[in-house]
Amino acid sequence: GGDPYWTDLDGNYILDERDMVVAGNSFPKFVGGFQSMLTYGAFTLSLNVSVTAGRDILNNSLAERLSSYNNPLSPQKDAALVPISEYDFWQGPGDANATYPNPYDFTRSGVIKPFRFDQTLFQEDGSYVKLNTVTIGYNIPKNKTLRYGINYSRVYFSANNVYTFSRYSGPSPENVTDLGRDRSDGYPLRRAFTLGLNVQ
């Protein structure tokens, strides 16, 4: 109880590389985006949006998070144990339909490797729509600036990395490797704000 249930495709009662199958696609079927510029009087609003659709991601960050409980006292473990209570993992007899194996099985985890990265248990839809940049600007009227020798002036506020719409439960659906594995080993993509002034 609590072990993962893998399929023995060749029926020899041994789970090895001959039981592996190709699953998912790490390359998106569609990549695109659009830009828009709206003007109302002296105000402008510009948007930049990118779209990635039809790509699968292996949620390695979740696999690593759960596997850290298999042997939390290992000298190789240099990360903190993050709570996992929100996940549906096997906790005892009667949990026949739990989503994840038992993360606390210290004695068998080294042999079974229940949270190995290369399994469809951690494969998720990596499609997303991202609002990259939003810029709001105001063109100051010339009749208010010409007396100061200013031909054109514009003040603007810009936000970058605004929001990502995605069903992916990992850190970021766009920060992944060519093999479709998320990269949670670094800092997240930052959100930045800019207040600017253009003067001629």
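These notebook entries record what I looked up in one predicted model.

Entry 1. I found an open sheet of 5 strands, arranged 1-2-5-6-7, with antiparallel pairing. Strand 1 (30–40) and strand 7 stand at its edges; each has a single partner strand, so one side of each is left without a neighbour in the sheet. I noted that the twist from one strand to the next averages 15°.

**Entry 2. Strand 5 with strand 6.** I then looked up the pairing of strand 5, which covers residues 128–139. Strand 5 and strand 6 run antiparallel and are joined by 11 bridges. For particular positions, I recorded that Lys130 stands opposite Thr164 in strand 6. I also recorded Val155, in strand 6, as the bridge partner of Tyr138.

**Entry 3. Strand 6 with strand 7.** How many bridges join strand 6 to strand 7? I read 8 bridges, and the two strands run antiparallel. Here Asn160 has Ala192, in strand 7, as its bridge partner.

**Entry 4. The nonpolar patch.** Val155, Phe157, Phe193, Leu195, Leu197 and Val199 make a nonpolar surface patch of about 610 Å². Which strands each supply at least two residues of the patch? They are strand 6 (153–166) and strand 7 (192–199). Strand 7 gives the most, with 4 residues. Strand 7 is also one of the edge strands noted in Entry 1.

**Entry 5. Val199.** I examined one patch member individually. Val199 lies in strand 7. Is Val199 buried, partly exposed or exposed? Its relative accessibility is 48%, and Val199 therefore counts as partly exposed, since that class lies between under 20% for buried and over 50% for exposed.

**Entry 6. Arg55.** Finally I looked up a loop residue. Arg55 is placed in the loop between strand 2 (43–53) and strand 3 (56–58). With a relative accessible area of 9%, Arg55 is buried, because buried means under 20%. I listed its contacts, leaving out residues up to four places away in sequence. Arg55 touches Asn25, Ser26, Phe27 and Pro28; Glu124, Asp125, Gly126, Ser127 and Tyr128; and Pro173, Glu174 and Val176. I also took one C-alpha to C-alpha distance: Arg55 and Ala96 are 30 Å apart in space and 41 residues apart in sequence.

Terms used. Residues numbered from 1 in each chain as written. Predicted model: local features only at pLDDT ≥ 70, side-chain atom pairs only at ≥ 80, totals over all residues. Heavy atoms only, no water. Patch = residues over 30% accessible without salt bridge, like charges linked within 9 Å, V, L, I, M, F, W, Y side chains within 5 Å. Areas by Shrake-Rupley, 256 points an atom, 1.4 Å probe, with all protein chains shown as cover. Salt bridge = Lys/Arg side-chain N within 4 Å of Asp/Glu carboxyl O. Buried < 20%, exposed > 50% of the residue type's maximum accessible area, 1.4 Å probe, protein only. Pairing = 2+ DSSP bridges. Axes fitted to C-alpha atoms, helices over the stretch in contact; angles between N-to-C directions. Contact = heavy atoms within 4.5 Å.
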